[in-house]
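This report concerns a pocket, a helix pair and a strand hairpin. The model is shown below.

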Amino acid sequence: WDRNGMTGLQSIVLYALPELDGAIDTVPIGGLVADDIFLVPERVKRLTSRLHKWISLRRKPKVESKVAVLLYGFPPGVGATGTAALLNVPSSLASLLQTLREEGYHVGDIPEDLDGEEVVKMIRDLDSPRAIAGGADAVNANGAETARSLGGRVAAAEVTPSQLRDWLSFPEAWGPTEWGPIPFLPENDVLFNRLESQWGKLGNPNHLSVSAEGNYVVSGLQFGNVWIGVQPLLGVEGDPMRLLFERDLTPHPQYAAFYSWLQNGFKADAVLHFGTHGTVEWLPGSPVGNTGLSWSDVLLGSLPNVYIYTANNPSESIIAKRRGYGTIVSHNVPPYGRSGLYKQLAILKDLVGDYREDPASNAVLKETIVDTIAAAGLFTDCPYTDERPKITPADLGEISDSDFLAYVDRLFTYLKVVENRLFSEGLHVIGRAPDQESMSKYLSAYFGSRLPDAVLAFICEDGSGSATADQIVERFGGTARGQRLCREDVETALEIRGLLLKNTEEMKSVVRALRGEYIPSVAGGDLLRDGPGVLPTGRNIHALDPYRMPSQAAFLRGTSAAKEIIAQHQEQNEGEYPETCAVALWGLDSIKTKGDAVAIVLHLVGARTERDSTGRVARFELIPLSELGRPRIDVIANMSGIFRDSFQNVVNLLDDLFTRAAEAEEPPEMNFIRKHAEEMRSKGIDRPASRLFSNPSGDYGSMVNERVGSSNWEDGSELGDTWVSRNAFSYGKGGEEGSSRPEVLDTLLQTTDRVVQEIDSVEYGLTDIQEYYANTGALRKAAETARSKYNALTSDPEKRKKGKVGCSIVECFGEETTPKELEDVLRLEYRSKLLNPKWADAMVKQGSGGAFEISTRMTALLGWGATSDFKEDWVYDQAVETYVDNEEIAQALRKSNPQAFANILKRALEAANRGIWNASEETLEKLQEMFNEMDAELEGVERR
């Protein structure tokens, strides 16, 4: 239990199934030892203390209830304070305080027009190192007048090392009776001793947030009985996320002091984690099923934990729920926008349109078209031919009219793809129902061309919502603009409209949860993919039954995608099959798609599902080679920590499949799994059929994004090596629970021809978050490094691996799921989002949160250059043009979030210094000057 947590069927029965009904706060209270059932009294005490606190929450008068609201500020130094995924935190925070006042909570003297941005800025400024050195009194004096103008007060406190020891200590009288049958008897101050063992003597002036007197400072703003602060960093600056990924470490002492103070100093009745997502649920401890020594359990104690979370992220919300005792309240995603065309792209579309109408009369446009394509960098997206990707006006004389027209037709098709590509527009505000414009965007994205704009406009404008589907169909005579109306589509549109208007229930559910009331459950997911069943929001989201993965539909989708991946690889490699593919198995993707990626693995290997009478998957069966008609392709199944922990039944089934495939009596040239296993066996490598790799048990993440974020790398191969060191741990049957097998992984990487990654949502693509380059990009770099090493050691030229490692991206959130090459998707995403004025304007309007979103994408752009050699000047050129050269946007970013704007400048300069971007000297001088100004400005803020 302590080492591996609740596994297999236990996790299904104790966690997954009860969560379908909205169960919260699952605390295991005992287990089997031999044939005897033992209760662990310490765990019973934890369960009863949490029950008591929830009951007290319902009985206590609202005006007396004390609520701690926690914002986030990671990563440090880049403007992340007061941000969360897809959420406008400042506006949502102001709305929360107003709502709590209306509900009868004591929230101080907040003004009716409270500015959430000012609240977040104030909280950000409280972290001044100079003020913290002076202790709580200095922090309380720093900004007291501003706090009063907002209707609150600065509320800082100090926690002495001796206080922290007392708060973390178990009763001295506790012994075997309380702890139950565990291998060792913890000392009463075991937690404090672990802190000192990890961080040295507490009160060290080098620790985070330590006053000159050696006390840990906890700072925040207080509005009546509502205290708002920023969740502390987990570790030291430069390595702030380290303990997330090393299970034996402890939180930083100030982190422990912070949560301990909430329980014992502030005496909160409930804590509200404000958005997706924090870190307390990721602290070291049992993977599933907290023990008394799990840091998440220790620091949350008996505190009811209400957790606001994006509705489309059920996988990580499971961690918040199971390890962090989170009562989830989901919120909607922002409305969807369509990219449209802009600048050179818009000009080019008009030019191409005119030329296609009458090529003979408009031949004069050819040179302008070619020049505009070059200026927009489109020859990389849409090459003239594979052999001749770029052309110039001088080449037009040797190109026939028919060949040029054929190319222009392909270009026009590509421009339409860019123009209609969806993106997430702006950020969501908790409890805010969409207006007509936003409603239209949701419905347009969902229905595409299936419902005419006129019908959608009528549905969105129907203020009373009284029109029925039949009345709407009749109103438009059964057609609109020549398009026949489908009654079922109209009915679904009305249903979605009604459910989206219930966004207001998000804030109501937050208040209900803070009163200890039941929050109804619903499956987490994506409107575009999963339909209206994921609505309304304001619900306690849950995942799926893992024993039905992959679903029947997912198996068909994954099979189709895998066939395309194989066919595309053969087309690019003279008909050769890929020998090994590395397929990402992520928890979020798998929950939302119900197992598309698992199905991809099955088809590559040449297997299908066998189901029992209830429809649950019982086995993965090898398809006979005579039926398969091609070789079995080997697979590295690269599992995220959440997939590893949530779908252990699937892990065991896949491991069984690979073991049988490795032992199948089949020719090695027709079974690459057997071929590689025999080669490893001949070298004395243990368990050569291991194919399911992840981080060490209980750990999460590749650490690559931390290295990129802190600029702690020299070349891409280092990042590939980091990925390998973090993912060389094998899982499967027979106690294979994180065994280190770097020899197996390295051997497989040497034969890897292709990496496969799914994208499960519009909201977060390759360019939006750090995890994709940190895993997919770094995995690809690791495979290329291993391939180079293999080729250097192979004397026979015929056996050397040719070409680069390919990377197939499967966008599974829409109707079109044809795999695309990584670089093609990156270009599409950058054109439709980061470089798109429509997307940029939407983000700038979101204030500090929008500025941070732009900043993170600049870091991700650098990450792709580092891990995948994505070095296309036009992306950086246009990014600088959009966010730096545009004075209006630059000033808005600088004002709303100076740290985020500084990071935009920093990443552009870093890309140039590392040879990823070829910028002009003039541009670099301007960027350096602006960065120096921002650096001085930020230093001034810190030192005042």
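The lining of the second largest pocket comprises 13 nonpolar, 11 polar and 26 charged residues (Ala, Val, Leu, Ile, Met, Phe, Trp, Tyr, Cys and Pro count as nonpolar, Asp, Glu, Lys and Arg as charged, and the others, Gly among them, as polar). The second largest pocket holds about 1700 Å³ of space. Among the 50 residues that line the second largest pocket, Gln568, Gln572, Arg754, Glu821 and Asp824 are the closest to its centre. On a 1 Å grid over the protein atoms alone, a pocket is an open set of points where a 1.4 Å probe fits, with protein on both sides within 12 Å along at least five of seven lines; lining residues have an atom within 4 Å of a point.

The model is predicted: local features need pLDDT of at least 70 and side-chain atom pairs pLDDT 80 or more, whereas totals for chains, interfaces and linings use all residues. Residues are numbered from 1 along each chain as its sequence is written, and side-chain values use heavy atoms, with hydrogens and water left out.

Elements that each give two or more residues to the lining of the second largest pocket include the following.

| Element | Residues |
|---|---|
| helix H17 | 401–420 |
| helix H24 | 552–572 |
| strand E25 | 752–759 |
| helix H34 | 771–793 |

Strands E1 (residues 30–33) and E2 (residues 36–39) pair in the antiparallel sense over four bridges (pairing requires at least two DSSP bridges). Val33 stands opposite Asp36 in E2. Two residues separate E1 from E2 in this hairpin, and Ala34 in the turn has a positive phi of about 60 degrees. Helices (H or I, at least four residues) and strands (E, at least two) are DSSP runs, numbered from the N terminus.

Definitions and conventions:
Grid points are joined across faces, edges and corners, and a volume is the space filled by probe spheres set on the points.
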